[in-house]
Amino acid sequence: MSQICLVTGASRGIGNAIAIELATKGYTVIGTGTSIASAEKVTNDLRTAGAEGRGAVLDVNDPEQVESVIKDITDEFGPISVLVNNAGVTEDNLLMRMKPSQWQRTLNTNLASVFSLTKLCLKGMTRARYGRIINLSSVVGATGNAGQTNYAASKAGLIGFTKSLALEIASRGITVNAVAPGFIDTDMTSALGEDQRTKLLGAIPLARLGRADDISKAVAFLVSDDASYITGQVLHVNGGMHMSS
Ligand code: NAP
C-alpha cells in the first residue's frame with residue numbers, strides 16, 4: 001500500500017510541484033487549496049499525472065477545517081505518514097508601516113498553523129513508528145530581508161520548530177526537516193519589478209531564479225528512504241545565494 005502524503009498549498013507553485021513529484025514517485029497525495037476551484041485543480045493535476053490522491057479545501061488558519069480534513073483523509077486513505085507544511089503567504093512592508101493585521105496573518109498562516117497540522121498528523125505517525133515532516137522555510141529566515149520582518153520571523157520560527165520537534169520525536173522513527181528555498185519563480189515572486197529581478201539575479205551565483213521543481217526534488221529526497229538518517233536539518237536550495245555553515 002502506498003504511503004499517504006498531505007501537502008498544504010498544493011494548488012500552485014512549489015506545493016503543486018511537490019504534490020506531483022511525490023505522486024509520480026508512487027505516494028498517494030492529498031494536496032490542498034483554499035477554494036473549491038483550487039482543490040479541483042489539484043485533483044485534475046494529479047489525474048493528469050496518472051497519480052493517486054485528490055485535492056482538498058483547506059484554509060490552514062481554520063482549526064476546525066484542519067481537524068476535519070485530517071480526519072477525512074485518515075478515514076478514506078489511512079493514516080498520514082508524510083506531511084509537507086508548504087502553505088505560505090507574504091504581506092511585505094517596512095516594520096514602521098506594517099499593520100498589526102499584516103503581521104498577524106503572516107505569522108498565523110506560515111507558522112501558527114503548523115502547530116495543529118503537525119500535532120494532528122503526529123498521532124498516526126507515532127502509532128506507525130514512522131513519519132516524515134517537511135517544513136517550507138526560506139532563505140530570508142536565515143538572512144533576514146528588509147520589508148519582510150513578518151515573513152522572515154515566520155520562516156525563522158519554522159527552523160526552531162523543525163529542530164525542536166526533530167529532537168522530541170526521533171526515537172519514534174519520525175524525521176523532521178526544513179527546506180529553505182531562495183527566490184523561486186512562482187506567483188509569490190511574480191510581483192517583483194524588472195529592476196528588482198535584475199538586481200536579484202546579480203546576487204544569485206547560479207544566475208537564475210529557482211524553479212518549483214528545484215524545490216520539489218529536494219523535498220522528495222528528504223521524504224525518501226535515502227534520507228532516513230537526516231533529521232533536524234535545513235536544506236538550503238537557493239542557487240548559492242546563502243551558504244549556511
Ligand atoms: P504561491 O505560489 O503563492 O502558492 C501559495 C499556496 O499556498 C497556494 O496553493 C495557496 O492556495 C496556498 N495558501 C495560501 N494561503 C493559504 C491558507 N491560509 N491556507 C491554506 N493554503 C494557503 O507560493 P509558493 O511560491 O509556491 O511558496 C510555497 C512555500 O514556499 C511558501 O511557504 C513560501 O513561503 C515558501 N517559499 C517560497 C519562495 C519563493 O521564492 N517562491 C521562497 C522561499 C520560500 P490557493 O491557490 O488556494 O490560494
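Analyst: Val66, Glu67 and Ile70 in H3 meet Ser116, Leu117, Leu120 and Cys121 in H4, where a contact means heavy atoms within 4.5 Å. The labels denote DSSP runs, numbered from the N terminus: helices (H or I) have at least four residues and strands (E) at least two. This is a predicted model, in which local features need pLDDT of at least 70 and side-chain atom pairs count only at pLDDT 80 or more, while totals for chains, interfaces and linings use all residues. Residues are numbered from 1 along each chain as its sequence is written, and side-chain values use heavy atoms, with hydrogens and water left out.

Helix H3 comprises residues 63-77, and its axis lies 10 Å from that of H4 at an angle of about 30°. This makes H3 roughly parallel to H4. Axes here are lines fitted to C-alpha atoms, for helices over the stretch in contact, and angles between N-to-C directions run from 0 to 180 degrees. Angles under 35 degrees count as roughly parallel, those over 145 as roughly antiparallel, those from 65 to 115 as roughly perpendicular, and the rest as oblique. H3 and H4 cross in a right-handed manner; a crossing has this hand if the near helix is turned clockwise from the far one by less than a right angle, and is left-handed if anticlockwise.

H4 also packs against another helix. Helix H4 (residues 100-128) and helix H6 (residues 149-169) have axes 8 Å apart, at an angle of about 15°. H4 and H6 are therefore roughly parallel to each other, and the crossing of H4 past H6 is right-handed. The residues in contact include Trp103, Leu107, Leu111, Val114 and Leu122 of H4, together with Tyr151, Leu158, Phe161, Leu165 and Ile169 of H6. In the loop between H4 and E5 lies Arg129, with a phi near 50°, which is a positive value in a residue other than glycine. Most residues other than glycine have a negative phi, and most peptide bonds are trans. Arg129 is exposed, as its relative accessible area is 52%; exposed means over 50%, buried under 20%, and partly exposed in between, with a 1.4 Å probe and protein chains only.

A further helix pair is formed by H1 and H2. Their axes come within 10 Å and cross at roughly 35°, and this crossing is right-handed. Asn16, Ala19, Ile20 and Ala23 of H1 make the contact with Lys41, Asp45 and Leu46 of H2.

H2 itself can be followed in more detail. Its buried residues are Ser38, Ala39, Val42, Thr43 and Leu46. They cover an arc of only 150° around the axis, so they sit on the same side of H2, the arc being that of the directions from the helix axis to the C-beta atoms. An α-helix has 3.6 residues a turn, so residues three or four places apart point the same way. Covering the buried residues of H2 are, among others, helix H1 (13-24), strand E2 (28-33) and strand E3 (53-57). On the face turned away from the buried side, H2 carries the exposed residues Ile36, Ala37, Arg47 and Thr48. The 13 residues of helix H2 (residues 36-48) should span 18 Å at 1.5 Å a residue, and its end C-alpha atoms are 18 Å apart, which agrees; the expected span is 1.5 Å times one less than the number of residues. Just after H2, Gly50 has a positive phi of about 70°.

The buried residues of H8 pack against H1, strand E4 (82-85), strand E5 (131-136), strand E6 (174-181) and strand E7 (234-237). Among the buried residues of H8 are Ile215, Ser216, Val219 and Leu222. Ser216 counts as buried because its relative accessibility is 1%. Apart from neighbours within four places in sequence, Ser216 contacts Ala17, Ile18 and Glu21.

The loop between H7 and H8 holds Ala207, whose phi near 55° is also a positive value in a residue other than glycine. Ala207 is exposed, with a relative accessible area of 53%.
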